[in-house]
Amino acid sequence: GDDMDPPFKSLATDPEFQAQHHVTSVNSINVGRVIAQTVHFFWAYLRVIAATKASVGDEVDFALPCGALGNITAGLIAKRMGLAVGKLIAGTNINDAFHRVVSTGIFER
């Protein structure tokens, strides 16, 4: 996760705060974020098809920054839903959780 995960998780799990404000989180601790990001892949796919005059069904490759792999997970879900996704290329940004796990074998903040 990133630096904003702990405070948002704290608020999302605080019963008094929840009772008063009725809020939820859509950061990486909530599947709602990944679902919303899945929609972005369909939108981007259609934009690429229109801009390149390609045919619906032609594969489109996506390259995007990833920290804890939420975006790439959304792309994989879109692909499993039938979107013609070719390659999913993940670049590590400052939120390098996945890179650290692969490099060290240890998952920690």
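This is a predicted model: local features need pLDDT of at least 70, side-chain atom pairs count only at pLDDT 80 or more; totals for chains, interfaces and linings use all residues.
Residues are numbered from 1 along each chain as its sequence is written, and side-chain values use heavy atoms, with hydrogens and water left out.

Next, show the residues in contact (heavy atoms within 4.5 Å): Val34, Gln37, Thr38, Phe41 and Phe42 come from helix 3, and Gly70, Asn71, Thr73, Ala74, Gly75, Ile77 and Ala78 from helix 4. The two axes, which are lines fitted to C-alpha atoms over the stretch in contact, with angles from 0 to 180 degrees between N-to-C directions, come within 8 Å and cross at roughly 60°.

Now select the largest nonpolar core, which has 15 residues, and in which Phe41, Tyr45, Phe62, Leu64 and Leu83 have the most contacts. Such a core is a set of buried (under 20% relative accessible area, 1.4 Å probe, protein chains only) Ala, Val, Leu, Ile, Met, Phe, Trp, Tyr and Cys residues joined through side-chain atoms within 4.5 Å.

Then pick Leu83, which, leaving aside its neighbours within four places in sequence, is in contact with Phe41, Phe42, Tyr45 and Ala78.

Finally, display the whole chain, where there are five helices and two strands, taken as DSSP runs (H or I, at least four residues, for helices; E, at least two, for strands) numbered from the N terminus.

How values were computed. Buried means under 20% relative accessible area, exposed over 50%, partly exposed in between (1.4 Å probe, protein chains only).
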